[in-house]
Amino acid sequence: MIEFRNVSMKYKTNGAVALDKVNVKINDGEFVFIVGASGAGKSSFLNVIMGQEKIDSGEVYVNSYNLRKIKKRELPYLRRMLGIVFQDFRLIPKMTVYDNIAFALRVIGMGERKITKRVRYVLKLVDLSEKAKNFPHQLSQGERQRVAIARALVNNPAVIIADEPTGNLDPVLSGEIMSLFDKINALGATVVVVTHDLELVRQFDHRIVTIENGRIVSDIPAKASAEQPVKAVAEESEESDAEEAELEDAQTSDEEYIEIQGDEDDEAIDIDIDEIKESMQEG
Ligand SMILES: Nc1ncnc2c1ncn2[C@@H]1O[C@H](COP(=O)(O)OP(=O)(O)OP(=O)(O)O)[C@@H](O)[C@H]1O
Ligand SMILES: [Mg+2]
């Protein structure tokens, strides 16, 4: 659940008002499009959800977290509940598809066997199992975005957030990517997609929230507003040892360039994410 109550936010650097008394509630399992002109505040809205910008007034809740009160050491846990997809994919060029997706799980100390299972599952979900060994430059634009989506999904986040995920894609690929978000939503994830492509928005029956000058000026529900969470995204499938070996083969051999930066996330690294998710669900 994501809830904004009378939220205002301005950027400290230039005083630009990005959000102005925003009230909105997004329930678990919903699919919401956020639309609006350039500079309207769409990315700022997402930045607040991700805990990247502090609000000036009001309250923001993301599941059990009150973001006005969230502590710096809690931010890694907030971010693990969120799968984030960007317009420019942001894949690591020197890593294979497999490693781009596995990377986030390695950082949090997950064992390789479990990683292989999860990576395999999400690659299948985005229909890229056969590209595990490829490097990003060997993929089409649409394939790159599908890898980025697989990476966002691999940690089984409750919420998928995408900022203009089709901004670099032609209309056909854009439709395909949006259908993929549809599928992910049908598997139970809450999906929030920022886009200015109204033509694309019209092809789907989802709630549409319009932001203008930092304010929500319209909030139109999906026509068939019976969007139900079905099941968790990462239903892991059992695979044969041969398939697993094949995937292990896809790992980038030279791993020396992988530098895990010491930052605020360090404290959280050794903790079991499932345990945390469970405890958050209980709370
Ligand atoms: N890092 C920043 N520092 C200062 N001002 C910012 C920053 N990011 C955005 N703004 C300002 O905040 C307002 C909202 O910007 P935001 O990036 O949320 O718009 P947007 O709706 O995502 O636009 P676009 O469609 O162009 O991505 C704008 O006036 C913008 O200039
Ligand atoms: Mg933006």
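The part to look at is strand E7, residues 159-163.

Reply: This is a predicted model, in which local features need pLDDT of at least 70 and side-chain atom pairs count only at pLDDT 80 or more, while totals for chains, interfaces and linings use all residues. Residues are numbered from 1 along each chain as its sequence is written, and chains are lettered from A and ligands numbered from 1 in the order in which they are written.

The chain holds nine helices and ten strands (DSSP runs numbered from the N terminus, helices being H or I of at least four residues and strands E of at least two). Of its 283 residues, 37% are buried (20 or more other C-beta atoms within 10 Å of the residue's own; 12 or fewer makes a residue exposed, anything in between partly exposed, and C-beta atoms are placed from the backbone).

E7 is mostly covered, with five of its five residues buried. Val159, Ile161 and Asp163 point to one side of the strand and Ile160 and Ala162 to the other, and all are buried.

E7 pairs with E6 in the parallel sense over five bridges (strands pair if DSSP finds at least two bridges between them). Phe86 has Asp163 of E7 as its bridge partner. With E8 (residues 190-194), E7 also runs parallel, and five bridges join the two. Val159 is placed opposite Thr190 of E8. From E7 the chain passes through helix H6 (residues 171-186) to reach E8, a β-α-β crossover that is right-handed (with the strands pointing away from the viewer, the path from the first strand over the helix to the second runs clockwise).

The sheet that holds E7 is open and has six strands in the order E6-E7-E8-E3-E9-E10, with mixed pairing. E6 and E10 (215-220) are the edges, each with a single partner strand, so one side of each has no neighbour in the sheet. On average, neighbouring strands of this sheet are turned by 15° against each other, direction ignored (axes are lines fitted to C-alpha atoms, for helices over the stretch in contact, and angles run from 0 to 180 degrees between N-to-C directions). Ile160 faces Val191 of E8 across the pairing.

Two helices pack on this sheet and touch E7. Helix H5 (residues 141-153) touches E6 and E7, and its direction makes about 165° with that of E6. H6 touches E3 (31-35), E7 and E8, its direction making about 155° with that of E8. Two residues are in contact if their C-beta atoms, placed from the backbone, lie within 7 Å. Among contacts in the chain between residues at least 6 apart in sequence, 74% join residues at least 24 apart.

Asp88 lies in the loop between E6 (82-86) and H3. Asp88 counts as partly exposed because it has 13 C-beta neighbours inside 10 Å. Its C-alpha atom is 7.7 Å from that of Pro165, 77 residues apart along the chain. In H3 (residues 97-107), the buried residues are Val97, Tyr98, Asp99, Asn100, Ile101, Ala102 and Leu105.

Another sheet is open and antiparallel, with four strands in the order E2-E1-E4-E5. Its edge strands, E2 and E5 (65-66), each pair on one side only. E1 (residues 2-10) and E2 (residues 17-26) run antiparallel, joined by six bridges, with Phe4 opposite Val24 of E2. Six residues lie between the strands of this hairpin, where Gly15 takes a positive phi near 75°. E1 also pairs with E4 (residues 57-62) in the antiparallel sense over five bridges, and Glu3 has Tyr61 of E4 as its bridge partner.

Finally, ligand 1 is surrounded by 14 residues, the closest being Tyr11, Ser38, Lys42, Ser43 and Ser44 (a residue is near a molecule or strand if its C-beta atom, placed from the backbone, lies within 6 Å of it). Helix H1 (residues 42-49) gives the largest share of this shell, three residues. Six of the eight residues of H1 are buried, and these are Lys42, Ser44, Phe45, Leu46, Val48 and Ile49.
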